[in-house]
Amino acid sequence: MLAGSNARILRYIVVTGTILMLFYLFSGSRYDTLPRPVPAPDNARAASQPSPQNAAAAGVNVDFTQKPIPAERDPQDASFSKSATASSNAPASNAPASMHSGVDPGPRANATFVTLARNADVWDIARSIRQVEDRFNRRFNYDWVFLNNKPFDDNFRNITSALVSGTAHFGQIPIEHWSVPEWIDEDKAKKVREDMKERKIIYGDSTSYRHMCRFESGFFFQHPLMQNYDFYWRVEPSIELFCDIPKDPFRFMKENGKKYSFTISLLEYVDTIPTLWDSAVKFMENYPQHIAADNSMEFLSDDGGQTYNMCHFWSNFEIGSLEWMRSDAYVDFFNSLDQDGGFFYERWGDAPVHSIAAGILLNKTELHFFDEIAYFHMPFTHCPNNEQSRIDLKCHCNPKDNFDWSRYSCTSRYFEMMGMQKPDDVD
Ligand SMILES: Nc1nc2c(ncn2[C@@H]2O[C@H](COP(=O)(O)OP(=O)(O)O)[C@@H](O)[C@H]2O)c(=O)[nH]1
Ligand SMILES: [Mg+2]
C-alpha cells in the first residue's frame, strides 16, 4: 500500500517535472523569436539633429541647416544624395520592407517647398509638413525653404527638419523686404489702418500682415535660398491634403510648360483692394510689351478689362515657376504696383496680385488647375469631383465640402475660359 502510493508520488513528480521543463523550453524559445521593437523612423531623424557644424552661411542674414548625409546610400537611387532618409538612419530591423522603400526612382525637377512662418507657427506648420510628406514628399524628398522676418529658434528648426525628408533650409528675410519703403506716407497708412479697424476689415489694422502680403507678392523669390531652384510649392500652416499625390506636380509643371497653378479660386474682399485694378491698368498701359497674347483677361474681368471682377487664385497653395517670378515682366509688374502704395494705403493681398500677374503676363496654357491635389485651408476645401479618382488616390475629403462650384468660387469661370468640361450636375 505504502510502496504503491510512493510509486504514484514518484510518477506524479516525474510527469509534472517533464511538463514544467517542456513549458519552460517552449515558452523560452518563443520569446527569443519575438521581433525587436522597431524604432520609428522619425525618432531616428530626431536623433540626428542639425548641428552647428552643418550650418553654413548662404548670404547675409541667411543660414541653413543641412541634414546629415546617410553613411550608406542605396546605390540604385541617385536622388538620395541630397537627403538623409529614415531607412538609412534606422538600425536594421525586422520591419516590413515596404516601410523603408518607396522612394520614386524617376528624375526630379529643380524645386523646393517654401514656407513663410513665425516661430510660434511651429506646431501648425508641423501638421502641414506631416501631411505633405505622407501624401507626397516621402517618395520624392524635395527640399524645404523656411523664411522668417526674425531668426528661427532651435525649437522650430529641430521640429521641422525632423519632419522634412529633403534638406531643410532656414533663412532670415532682409529688413528692406519687411519694412515700409521710403515713398510711403506713414501717417496716411496709419489712418487707413485705424479706419479699416473701425470697419472691421479682416487684418485691416495689421502692419505685419501687410509686410507679409508685400513679401509674398514681390520678394520671396528674391531670397538667396530660393536662387537655387526653378519651381516652388508654397505651404502654409494648418493646411490639409486629402489625397495621395503619386505623380510629381513639379515635373508636371516643368514638362508641360506650366508657370502658375492653383486648387482653389474665389472672389476677393473688395474693400481690401479698391484701387488695385487701376494700378494694374496703369501697368498694362506702361508696359504693353509684357502682356501675353493669349492672356486670361476673361477670368479677371467681365467687361474686357475695364473693371476687375475680384476673381483670384488662392495663393496659400500655389506651385509656380521661379523663373517667371524673376522675369522682367513680373518684376516690373510688382515694382509698378509697389510704387502706387496699395500694400500700405489699402491692404492688397498677394493672392489677387499673383493672380492678376498670372492672368495678364502668362498665356492661358501656362496656367494649371490641380484637380487631383485635394486641399484645405481654413475655411475652404477642394475635393476632386470624380469618385473613381477619390478612391484611386485614397482621398478622405467629403465631396460635399468641395468649394469649386460655389457661387463665391471662380473655378467655374476658369473652366469656361479653358473650354474644360464641368461635372454633369454643375451649370
Ligand atoms: N515670419 C512671419 N510670417 C508670417 C507673419 N504673418 C503671417 N505669416 C505667415 O504668412 C502666411 C500667411 O499668414 P496667415 O496668418 O496664414 O494668413 P491667412 O492665411 O491670410 O489668414 C503663413 O505662412 C504665416 O505663417 C509674420 O509676421 N512673420
Ligand atoms: Mg493661412
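What share of the contacts in the protein with a separation of 6 or more comes from residues 24 or more positions apart?

1. **Contacts.** The share is 79%. Contact here means C-beta atoms, placed from the backbone, within 7 Å.

2. **Basis.** This is a predicted model: local features need pLDDT of at least 70, side-chain atom pairs count only at pLDDT 80 or more, and totals for chains, interfaces and linings use all residues. Residues are numbered from 1 along each chain as its sequence is written, while chains are lettered from A and ligands numbered from 1 in the order in which they are written.

3. **Overall make-up.** The protein has 16 helices and 14 strands. These are DSSP runs numbered from the N terminus: helices are H or I with at least four residues, strands are E with at least two. Of the 427 residues, 37% count as buried (20 or more other C-beta atoms within 10 Å of the residue's own; exposed is 12 or fewer, partly exposed in between; C-beta atoms placed from the backbone).

4. **Open sheet.** The order S7-S13-S14 describes an open, antiparallel sheet of 3 strands. Pairing requires at least two DSSP bridges. S7 and S13 (residues 375-377) have 2 bridges. Glutamate 240 stands opposite phenylalanine 376 in S13.

5. An unreviewed UniProt entry lists Glu318 under "active site". Such annotations may be inferred rather than shown by experiment; positions use the numbering here, and feature names are shortened. Glutamate 318 sits in strand S11 (residues 318-321). It counts as buried because it has 23 C-beta neighbours inside 10 Å. Leaving aside neighbours within four places in sequence, glutamate 318 contacts Arg234, Tyr260, Ser261, Phe262, Phe313 and His354.

Methods: Two residues are in contact if their C-beta atoms, placed from the backbone, lie within 7 Å.
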